[in-house]
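Here is a short briefing for a first look. Start with the sequence and structure.

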There are 2 protein chains.
Amino acid sequence: MTNPTAAMIVIGDEILSGRTRDANMFNLAGKLTNHGINLSEVRVISDNPTEIIVAVNETRKKYDYVFTSGGIGPTHDDITADCIANAFGVEIDVREDAKLILATNYENGIDDLTPARLRMARIPNGAILIDNIISKAPGFSMENVHVMAGVPSVFNCMIEWLLPKLKRGAEMISSTVRVDLPESRIAEPLGIIANNFPDVSIGSYPFYEEKKYGANIVIRSTEKDLVLVVEKEVRSKFNLS
Amino acid sequence: MTNPTAAMIVIGDEILSGRTRDANMFNLAGKLTNHGINLSEVRVISDNPTEIIVAVNETRKKYDYVFTSGGIGPTHDDITADCIANAFGVEIDVREDAKLILATNYENGIDDLTPARLRMARIPNGAILIDNIISKAPGFSMENVHVMAGVPSVFNCMIEWLLPKLKRGAEMISSTVRVDLPESRIAEPLGIIANNFPDVSIGSYPFYEEKKYGANIVIRSTEKDLVLVVEKEVRSKFNLS
């Protein structure tokens, strides 16, 4: 069995301009790994309809799941929902179920739903709503594309709600061996091990700490036994206990 | 005059698995904005030759500059240089100038250059070296593609060296107005302003702080006067001094 694959699309000029440091990618990446879904690609794109539509259509065909963050608020620059409808060739309008959920966020309920607020109830035809326990305005799933907010706390509550509903793959088992040698002295023996175990992902991540070079060797596979065998090989090669 | 455009390609399984939080994107995004280069897209991809080659070839044709981070060390999973050569259809081998620079990092100079270390002197034909004052192993520029290390301190020294050599666009002038109202009450007046100034980028970035909603309105343009006019409109619309 191979694990489901996924792409993430981060929508937001504020990330590309360097104004904001994205937090959702790191959060999602860790959660997907724990759930056995392989995040294969992330694209950060601007608030531009064509870019959004192209990115959604390319990735939804290539991967089992697509997760987007950003652009579903009430302001003029929140265009993600309309772009998703366009990408799927479906209509979009204010939807009654989304409107009722949204209304619970305001003192006078539906009477408080100004046109701007109603924008947050615009849902492409055929989409399933994603719960937002923080600020109510829902995300939505359109086939395999899951559309979520950019505000990290809201993104997080949406993904926590969504993830248990998605296919679970084999969890990636990972083991890290720290080697206090410069990477250039680790490379050859490690290359031989990697060659002998083509089905195990073996990464070397160099660091520089207290004026000394070292590397973390990360061994990853869905098969625990294989990880343990490779870990033993690495330890023995570098004389680690 | 329009500003040069750029894409960034972050190469690294460790980012996609959630093991490491990328730091280079945020760093590069801010530096490019200050230099007047518009970062238009970022892709985070895995250590997979096909993915790297496709991403490089797609972006180098679409944008003025492409910046890559990661995969130029000495270990078996460092395949970026070979992929760049492949993408450009040129040969790659250990290059004498890179070898001499690398040798200065070791006690016995060239005699210390093991096959693994020599991998870091493999440079595609026709590339120009990028200085690395931290650990010597150079990056390189192949036409409009600039290939740099993934370790943040090294990435940073390479981009600092490289940036003054690239075309400088008009600096993006930016002004932020904080409005202490929920975004849904900001949306309509702001939409009208955005409509009246189609050449100015006006973004609304909501926050939730001390149990109150608000938004930062970010006004951006290369023309300072326009930014000031829009800022004045926003302040007057929301009764801010």
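**Across the strand pair**

A:Val44 stands opposite B:Val42, a residue of β2(B). Five bridges link β2(A) with β2(B), residues 38–45 of chain B, and the two strands run antiparallel. Strands pair if DSSP finds at least two bridges between them. Helices (H or I, at least four residues) and strands (E, at least two) are DSSP runs, numbered from the N terminus.

This is a predicted model, where local features need pLDDT of at least 70, side-chain atom pairs count only at pLDDT 80 or more, and totals for chains, interfaces and linings use all residues. Residues are numbered from 1 along each chain as its sequence is written, while chains are lettered from A and ligands numbered from 1 in the order in which they are written.

**The contact between the chains**

- Chain A gives 44 residues to the contact, and chain B gives 44 residues. Residues are in contact if their C-beta atoms, placed from the backbone, lie within 7 Å.
- On the side of chain A that touches chain B, elements supplying at least two residues each include α2 (24–35), β2 (38–45) and β10 (201–209).
- The largest share of that side, eight residues, comes from α8(A).

**Positive phi in loops**

- A:Lys136 is not a glycine, yet its phi is positive, near 70 degrees. A:Lys136 lies in the loop between β6 (128–130) and β7 (139–142) of chain A.
- A:Glu143, also not a glycine, has a positive phi of about 50 degrees. A:Glu143 sits in the loop between β7 and β8 (145–148) of chain A.

Technical notes. Two residues are in contact if their C-beta atoms, placed from the backbone, lie within 7 Å.
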